[in-house]
Amino acid sequence: MTAEPETYPEIREAVAKLCARFSGSYWRALDRDMAYPQAFVDALTEAGWLSVLIPEAYGGSGLPLSAAAAVLQEMQRAGCNGGACHAQMYTMGTLLRHGSDAQKQAYLPEIAAGRLRLQAFGVTEPSSGTDTGALKTTARREGDHYVINGQKIWTSRAEHSDLMLLLARTTPLREGMKKTDGLSVILVDMRDARGNGLTIRPIRTMMNHATTEVFFDNLRVPAANLIGDEGKGFRYILSGMNAERILIAAECVGDAKWFIDKATSYAKDRIVFGRPIGQNQGVQFPIAKAYANMRAAELMVREALRLYESGANPGAEANMAKMLAADASFEAANACIQTHGGFGFAEEYDIERKFRETRLYQVAPISTNLILSYLAEHVLGLPRSY
Ligand SMILES: Cc1cc2nc3c(=O)[nH]c(=O)nc-3n(C[C@H](O)[C@H](O)[C@H](O)COP(=O)(O)OP(=O)(O)OC[C@H]3O[C@@H](n4cnc5c(N)ncnc54)[C@H](O)[C@@H]3O)c2cc1C
């Protein structure tokens, strides 16, 4: 569907082949039961697709972020849901860029071999979503340990992950202190923690996303699990968040392609008033517009990837890529439902499921308003609004 050669054609072909084993009926059954796509994640892990970012020295493929973007985009384009496992890709940057050699040695080979999962990212709290600096979970140093207390919400995949990258306050907020200072990133090994200070409760949502709320009650974590320097965690998380936004944007482009393919082929086949509905410009134009917006978003994803891979921290491009791609995927989803008429609402077409899944990206991992406010303030120099 793209006008120029796609990056990583071999990877895309192999991922598409794997995804073809997990058809709509597989996802529909999971969606009905709100069940985790274990077989899908196992197959991806076994094939090495979830460890493309891990350096070869630690057993991964040592590929750049654009390879991870290609993997995730193909999953979505095939009608699958990368939300089950994308966090391993986007949390990886924080560990790779800021973790110590000992931490990388301890965890990366196990993750690459598929024996450990790093799929949980604990940032959001009930009273601090967008306002990360206001988070209340604390990690208090006691000898060789941190003692963690507080609560996270929307910690996706926590029940299906061994490790969680946690953002907690290690220095109490004092007057005059920047809200985002004094936060630290700690790698929590959840295998022994459940029942020993860690409680995980699933939250049912409009789509199948395995998200949870997590409670910490004097959970003891070795101090050696601190990533980088104490108090500088927000900075580490921010660089990870740019990777996250770019990867989610790549997924949204994949979703948009899936919706546009579906809408186009249905518009060619469905005969109403004795001719294909796709012959009517009223049906063609919304699909064509969605295509144009998908392509524009795809180009911004490429630009964000180019900058990220040159070592920059492209906040503006990562945010724009995420917003444009999330808008493009939702526009394509809407056009796809409309093209299908009543059938768009029938479960067996998978469109309503994908529609619900892609709607999330207007809000998470960062909402559209906050992206616009970032651009207004940091790119255009307009006064800060909050
Ligand atoms: C299914 C799902 C999975 C998620 N997974 C994870 C995860 O794995 N880990 C994690 O840490 N978090 C996760 N999240 C959380 C997600 O990142 C947050 O929901 C998101 O950042 C928004 O925060 P909030 O829900 O607290 O909204 P709020 O911050 O309460 O905002 C509510 C609304 O108000 C708007 N708003 C707020 N302030 C302003 C302002 N100043 N100007 C204009 N508009 C404003 C927002 O744009 C938003 O639309 C997940 C969320 C969902 C729903």
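Me: In which helix does Arg12 lie?
Reply: In this predicted model, Arg12 lies in helix 1.

Me: Why is Arg12 called partly exposed?
Reply: Arg12 has 17 other C-beta atoms within 10 Å. A residue needs 20 or more to be buried, and 12 or fewer to be exposed. Because 17 falls in between, Arg12 is partly exposed.

Me: With which residues is Arg12 in contact, leaving aside its neighbours within four places in sequence?
Reply: Once those neighbours are set aside, Arg12 is in contact with Glu6, Ala70 and Glu74. The cut-off for such a contact is 7 Å between C-beta atoms. As for distances between C-alpha atoms, Arg12 and Leu72 are 60 residues apart along the chain, yet 9.3 Å separates them.

Me: Why does Tyr8 count as buried?
Reply: Tyr8 has 20 C-beta neighbours inside 10 Å. The rule asks for 20 or more, so Tyr8 counts as buried. Its place is in the segment before helix 1. Tyr8 also has a positive phi of about 50°, although it is not a glycine.

Me: What makes Met34 partly exposed?
Reply: For Met34, 13 other C-beta atoms lie within 10 Å. Met34 is found in the loop between helix 2 (24–33) and helix 3. Its phi is positive, about 55°, and Met34 is not a glycine either.

Me: Why do Ala57 and Ser265 count as exposed?
Reply: Ala57 has 11 C-beta neighbours inside 10 Å, and Ser265 has 12. The limit is 12 or fewer, so Ala57 counts as exposed, and so does Ser265. Ala57 is in the loop between helix 3 and helix 4, whereas Ser265 is in helix 7. Ser265 and Val253 are 12 residues apart along the chain, and their C-alpha atoms are separated by 18 Å.

Me: At what angle do the axes of helix 4 and helix 7 cross?
Reply: The axes of helix 4 (residues 65–77) and helix 7 (residues 233–269) cross at roughly 35° and come within 7 Å. The crossing is right-handed. Helix 4 contributes residues including Leu65, Ala68 and Leu72 to the contact, and helix 7 contributes residues including Ile246, Leu247 and Trp258. By class, this contact of helix 4 with helix 7 has 11 nonpolar, 3 polar and 5 charged residues.

Me: How many residues of the shell around the ligand are charged?
Reply: There are no charged residues in the shell; it divides into 10 nonpolar and 13 polar residues.

Me: Which residues come nearest to the ligand?
Reply: Of the 23 residues around the ligand, the nearest are Val123, Gly129, Thr130, Trp154 and Ser367. Strand 1 (118–122) and helix 11 (368–379) each supply at least two residues of the shell. Helix 11 gives the most, with 3 residues.

Me: Is the peptide bond from Ala364 to Pro365 cis or trans?
Reply: The bond is cis, with omega near -10°. Pro365 is located in the loop between helix 10 (351–359) and helix 11.

Key. Residues numbered from 1 in each chain as written. Predicted model: local features only at pLDDT ≥ 70, side-chain atom pairs only at ≥ 80, totals over all residues. Axes fitted to C-alpha atoms, helices over the stretch in contact; angles between N-to-C directions. Helix = DSSP H or I, 4+ residues; strand = E, 2+ residues; numbered from the N terminus. Left-handed = near helix turned anticlockwise from the far one by under 90°. Contact = placed C-beta atoms within 7 Å. Nonpolar A, V, L, I, M, F, W, Y, C, P; charged D, E, K, R; others polar. Near = placed C-beta within 6 Å.
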